[in-house]
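Here are my notes on this one, as numbered points. Have the model open while you go through them.

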Amino acid sequence: MNKDKKLKKLFEFYNRRYFSNRLVMPHEISFKSDLRSGKHKCAGLAIIFPDNTTALRIDKKLIEFNKLTRTVLLHEMAHISAGLESDEEHNFRWGAEIDRLYREGAYDELL
Ligand SMILES: [Zn+2]
């Protein structure tokens, strides 16, 4: 299985286990080089495009690091759950999702 496909499977796994399957699968889930939000480099991105398609991207440098990849994936899934259209990136709803994931054990084997 290629790495992007594995990422998609992980998304499905976490969606089932921690989000009651309510997150809509992004149109694209992939590892990409040189991810940026504005001028800042970042480890992961969840994007909504003007045509309403979505993408979840994770920095290619993390490709061999399973735990880091999972940690960044959960971070981006919390963004999707909190609503990508909000203007403030790490808003209260996003933080509440991270707290919930932590309490429910999503990070137990990751941190
Ligand atoms: Zn973020």
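1. Let me start with a loop. Asparagine 52 sits in the loop between β4 and β5; helices (H or I, at least four residues) and strands (E, at least two) are DSSP runs, numbered from the N terminus. Its phi is near 75°, a positive value in a residue other than glycine. Most residues other than glycine have a negative phi. Asparagine 52 counts as exposed, with 7 C-beta neighbours inside 10 Å. For the cut-offs: a residue is buried if 20 or more other C-beta atoms lie within 10 Å of its own, exposed if 12 or fewer, and partly exposed in between, with C-beta atoms placed from the backbone. The hairpin that β4 and β5 form has 5 residues between the strands.

2. Some housekeeping before going on. This is a predicted model, where local features need pLDDT of at least 70 and side-chain atom pairs count only at pLDDT 80 or more, while totals for chains, interfaces and linings use all residues. Residues are numbered from 1 along each chain as its sequence is written.

3. Aspartate 34 also deserves a look. Aspartate 34 has a positive phi of about 55° although it is not a glycine, and it lies in the loop between β1 and β2 (36-37). Is aspartate 34 buried or exposed? Aspartate 34 is exposed, with 9 other C-beta atoms within 10 Å.

4. Now the sheet. It is open, has 3 strands in the order β1-β5-β4, and its pairing is mixed; two strands pair if DSSP finds at least two bridges between them. The edges are β1 and β4, each of which pairs on one side only. On average, neighbouring strands are turned by 20° against each other, direction ignored. Here axes are lines fitted to C-alpha atoms, for helices over the stretch in contact, and angles run from 0 to 180 degrees between N-to-C directions.

5. Strand by strand: β1 (residues 28-32) and β5 run parallel and are joined by 5 bridges, with isoleucine 29 opposite leucine 56 in β5. β4 (residues 44-48) and β5 run antiparallel, and 5 bridges join them. In that pairing, isoleucine 47 stands opposite alanine 55 and isoleucine 48 opposite threonine 54.

6. With 16 C-beta neighbours inside 10 Å, alanine 55 counts as partly exposed. Which residues does alanine 55 touch, leaving out those up to four places away in sequence? They are Pro26, His27, Glu28 and Ile47, where contact means C-beta atoms, placed from the backbone, within 7 Å. Alanine 55 and leucine 45 are 10 residues apart in sequence and 7.8 Å apart in space, C-alpha to C-alpha.

7. On to the helices over the sheet. α1 lies across β1 and β5, running at about 130° to β1. α2 lies across β4 and β5, at about 25° to β4.

8. I'd check helix lengths too, with the expected span being 1.5 Å times one less than the number of residues. α1 has 17 residues and reaches 23 Å from its first C-alpha to its last, close to the 24 Å expected. For the 17 residues of α2, the end C-alpha atoms are 24 Å apart, which agrees with the 24 Å that they should span. Serine 20, which follows α1, has a positive phi near 50°. Glycine 83 follows α2, also with a positive phi, near 110°.

9. Why is α2 described as largely enclosed by the rest of the structure? Because 12 of its 17 residues are buried. The buried set includes Thr69, Arg70, Glu76 and His79. The buried residues of α2 pack against α1, β4, β5 and α3 (92-103).

10. Of its 14 residues, Leu73, Leu74 and Met77 touch the most other members. α1 (3-19), β5 (54-59) and α2 (66-82) are the elements giving two or more residues to this core, and the largest share, 7 residues, comes from α2. Leucine 74 touches Tyr14, Leu101 and Ala106, not counting residues up to four places away in sequence.

Conventions. Core = buried A, V, L, I, M, F, W, Y, C linked by C-beta atoms within 7 Å. Contact = placed C-beta atoms within 7 Å.
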